[in-house]
Amino acid sequence: MNSGYRITTEHPEAPKVLTPEASAFLVDLHRAFNKLRLELLAARRERQTQIDNRGAMGFADKPSAVRDSEWSVAPTPADLQDRRVEITGPCERKMIINALNSGARVFMADCEDAQSPSWLNQVMGQVNLMDAVRRTIRLEDETRGKVYELAEQTATLLVRPRGWHLDERHFLVDDTPVSGSLFDFGLYFFHNAKELLERGSGPYFYLAKLESYLEAKLWNDVFVHAQETLGIPQGSIRATVLIETIHASHQMEEILYELRDHMAGLNAGRWDYIFSCIKAFHKRPEVVFPDRAQISMTVPFMHAYTELLVRACHRRGAHAIGGMAAFIPNRRDPGVTKLALAKVREDKKREADQGFDGTWVAHPDLVPVAEEAFVRVLGSAPNQKSRQREDVKPDATVLTDYVVDGGKVTESGVRLNVSVGIRYLDAWLSGNGAAAINNLMEDVATCEISRAQLWEWVHKGATLEDGRVVTLDLYRSIRNEELAKIGTGSGRVNDAVRLMDALVESETFEIFLTVPAYRLLD
């Protein structure tokens with residue numbers, strides 16, 4: 001009997017997760033929701049065309065009654081009440097064990113920006129998550145003579161599926177690639193939802209790259225359908241939405257409302273947010289962003305976005321989770337570690353003072369630093385949702401005022417974007433989606449900023465602080481110089497350079513680098 005699906009690439013562990021029953025569940029999700037997913041992606045393109053033609057970007061008009069009425073999201077489950085420190089990382093086996101043992105309250109296992117979506121990584125990621133839920137996950141490192149296994153007390157597990165725009169080309173339904181979102185969500189939910197509920201937790205998710213409340217509604221419809229199909233009580237799923245696009249920042253309460261029966265909170269996904277701002281206005285010649293390092297969380301448009309997020313969440317009874325500080329410690333370099341801890345401490349203190357209920361870190365050594373910042377404000381309380389932030393007044397104009405006082409485009413900024421972009425793409429194409437570069441944790445979001453800024457500076461003819469104009473010739477010259485430092489003898493550096501060149505040189509701005517990059521993966 002033709003089941004309607006086809007797996008295009010073999011892997012020895014695939015049968016463990018892609019059982020006939022699980023595969024049928026994916027087929028059902030695809031047939032029920034892929035048409036609407038594609039329509040919403042088309043709506044994204046239409047919105048971008050409107051912005052390109054100088055259409056206004058303001059708070060959504062149609063669902064304005066949502067903001068003016070009284071309602072709250074569903075009560076928070078017990079194991080998500082205290083989220084003061086969350087650690088994130090890919091679904092790699094050792095990473096999962098160390099993160100769950102890190103002392104953080106939550107671990108977000110990332111199928112998205114921190115994980116290169118090769119077939120190997122996606123299949124093994126699901127295997128690792130199944131083992132983690134059942135607490136059987138274990139790793140023997142014979143080289144180090146070390147065994148990794150779970151401690152008695154571990155973090156609460158959340159999973160981030162890929163965004164709506166990404167496909168999983170290795171699993172076809174009716175000869176069409178399934179949505180990466182539905183593939184990641186569907187397999188994790190199918191195999192683990194009942195097990196998690198029996199263990200006193202639940203199927204908890206982070207949702208990435210949303211651009212409208214209608215995309216949030218689609219996720220809610222998926223949740224309702226999935227729970228009904230598998231006989232899971234409605235409302236068992238809880239989702240935290242990353243507000244990491246300029247579009248979503250204008251519709252935070254609407255997004256909370258659409259997912260209210262499954263809502264856990266919002267997260268300030270700062271790096272993707274910066275990328276989204278660059279992308280949204282890439283055709284506006286008057287909007288030129290300065291070096292990435294100068295776009296801090298204290299510049300007006302970034303500060304306004306985070307303030308508004310806390311206000312929206314607490315007004316509706318949801319958690320507000322702060323973003324990722326990119327600095328990471330280096331256990332072999334005390335000076336680097338001292339600087340990283342100071343930067344992270346400052347960043348987390350600011351978030352706690354703003355009213356956030358928790359924050360993200362990328363390294364276990366940063367958990368105590370972040371914990372300290374939130375203990376200072378929370379004490380023994382699990383969160384500060386009672387802090388309503390009524391002093392924050394919604395103002396859409398501030399969110400799109402991209403003037404950065406003293407902001408400049410510099411040669412060092414161009415060099416950094418070129419170097420980091422090539423080195424990260426090399427890692428990503430080699431299967432590593434979270435790469436430590438220059439003592440910063442880089443993932444797809446930060447690489448997106450690097451390549452987007454290079455495109456913007458070249459195609460808008462940005463002027464460096466020394467008076468030179470950024471041209472393709474200047475980009476190529478700097479690229480050659482940086483490439484000489486990196487070397488081309490290993491990994492996939494040459495592929496990374498070709499991809500970076502294509503992204504920067506194209507007259508058309510590529511909406512997501514992961515779309516062309518995915519074609520180069522196994």
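Welcome to a predicted model, where local features need pLDDT of at least 70, side-chain atom pairs count only at pLDDT 80 or more, and totals for chains, interfaces and linings use all residues. Residues are numbered from 1 along each chain as its sequence is written, and side-chain values use heavy atoms, without hydrogens and water.

**The helix pair**

- Helix α16 spans residues 444–459 and helix α18 residues 493–505 (helices are DSSP runs of H or I, at least four residues, numbered from the N terminus).
- The two pack at about 45°, with axes 8 Å apart (axes are lines fitted to C-alpha atoms over the stretch in contact, and angles run from 0 to 180 degrees between N-to-C directions).
- In α16, R451, L454, W455, V458 and H459 meet M500, L503, V504 and E505 of α18, where contact means heavy atoms within 4.5 Å.

**The cavities**

- The whole structure holds two cavities of 30 Å³ or more (a cavity is a set of points on a 1 Å grid over the protein atoms alone where a 1.4 Å probe fits but cannot get out, and lining residues have an atom within 4 Å of a point).
- The largest cavity has a volume of about 100 Å³, the space filled by probe spheres set on the points, which are joined across faces, edges and corners.
- Among its 17 lining residues, E112, D113, L166, V444 and T514 are the closest to the centre.
- Helix α16 gives the most to this lining of the largest cavity, with three residues.
- The second largest cavity has about 30 Å³ of space, and its lining includes K209, D272 and F512.

Conventions. On a 1 Å grid over the protein atoms alone, a cavity is a set of points where a 1.4 Å probe fits but cannot get out, and a pocket is an open set with protein on both sides within 12 Å along at least five of seven lines; lining residues have an atom within 4 Å of a point.
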